[in-house]
Amino acid sequence: KFSGSPNTDCTEVYSFGTGVDLFAKVNNTDGAFFSGWTVEFLPAGKTDYVTQTNMCLGLDPTCHITVPFNVDDIRVRTKFDLQYILTLRRDGGGLGTITANSNNLQTICTTLICTQTYDKNRPVKLTANATNTSVFKSWKGGVCDGLTSNTCDITMSEAQTITAVFD
């Protein structure tokens, strides 16, 4: 068993034909998640690595490799990305919805509290829509705090809570 910190290498020597099980694990709670593997072989006698497209596929955090006889080296890399939660709240005596748009992802919040997870640094456009009998008053929280326009643009650089106030 071996492990490493971000941007560091871990080295282990295995004999040809040995099966090696790898497991990617997030050791923190800052929104990181496992997002894939890259496996590269250095063919015997060659100088360039070749990416293996049939090993350790998808988002499965487990990977099994059998060390082949015709390679001098194997590089296995894990990829971790960050995501943050956007919490949308509705407040005040009025009624309305909050729409969060980000590229092809749209969330329409019709309840008092909604959450949606976004990748780190993803832009999100918030729109507050009051019902016919209500009016949008303002936003509370983050860069939207105090704005009276019914739209607000945010960037998901951290977990955020944004409230739309309707009267």
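**Ground rules.** I am working with a predicted model, in which local features need pLDDT of at least 70 and side-chain atom pairs count only at pLDDT 80 or more, while totals for chains, interfaces and linings use all residues. I number residues from 1 along each chain as its sequence is written, and I take side-chain values from heavy atoms, with hydrogens and water left out.

**Entry on salt bridges.** I counted six salt bridges, taking a salt bridge as a side-chain nitrogen of Lys or Arg within 4 Å of a carboxyl oxygen of Asp or Glu. K79 takes part in one of them, meeting the side chain of D81 at 3.9 Å, N to O. I noted that D81 is partly exposed, since its relative accessibility is 26%.

I then turned to E40, which I located in strand 2, residues 32-43; strands (E, at least two residues) and helices (H or I, at least four) are DSSP runs, numbered from the N terminus. E40 counts as buried, because its relative accessible area is 11%. E40 forms a salt bridge with R75, whose closest N and O atoms are 2.9 Å apart. That pair links distant parts of the chain, with E40 in strand 2 and R75 in strand 5, 35 residues apart. R75 is partly exposed, at 31% relative accessibility.

E40 also forms a salt bridge with R77, where the closest N and O atoms are 3.4 Å apart. Here again distant parts of the chain are linked, E40 in strand 2 and R77 in strand 5, 37 residues apart. I recorded R77 as partly exposed, with a relative accessible area of 43%. The side chains of E40 and R77 are also joined by a polar contact of 3.4 Å, a term I use for a pair of N or O atoms within 3.5 Å; within protein, one must be able to donate a hydrogen and the other to accept it, and residues adjacent in sequence count only if both atoms are side-chain atoms.

When I listed contacts (heavy atoms within 4.5 Å), leaving out residues up to four places away in sequence, E40 touched Y49, V50, T51, D73, I74, R75 and R77.

**Entry on aromatic rings.** My search of the whole structure gave five aromatic pairs, for which rings of Phe, Tyr and Trp (its six-membered ring) must have centres within 6.5 Å, with planes under 30 degrees apart called stacked, over 60 edge-to-face and the rest tilted. F34 and F80 make an edge-to-face pair, 5.8 Å centre to centre with 70° between the planes. F34 lies in strand 2 and F80 in strand 5 (residues 71-91), so this pair ties together parts that are 46 residues apart in sequence. F34 is buried at 11% relative accessibility, whereas F80 is partly exposed at 35%. I also noted that F34, W37 and F80 form one aromatic cluster.

**Entry on T127.** I placed T127 in strand 9, residues 123-130, and recorded T127 as buried, because its relative accessibility is 16%. Leaving aside neighbours within four places in sequence, I found T127 in contact with T97, I98, T99, W139, N150 and T151. The C-alpha atoms of T127 and M55 are separated by 43 Å, the two residues being 72 apart along the chain.

Technical notes
Buried < 20%, exposed > 50% of the residue type's maximum accessible area, 1.4 Å probe, protein only.
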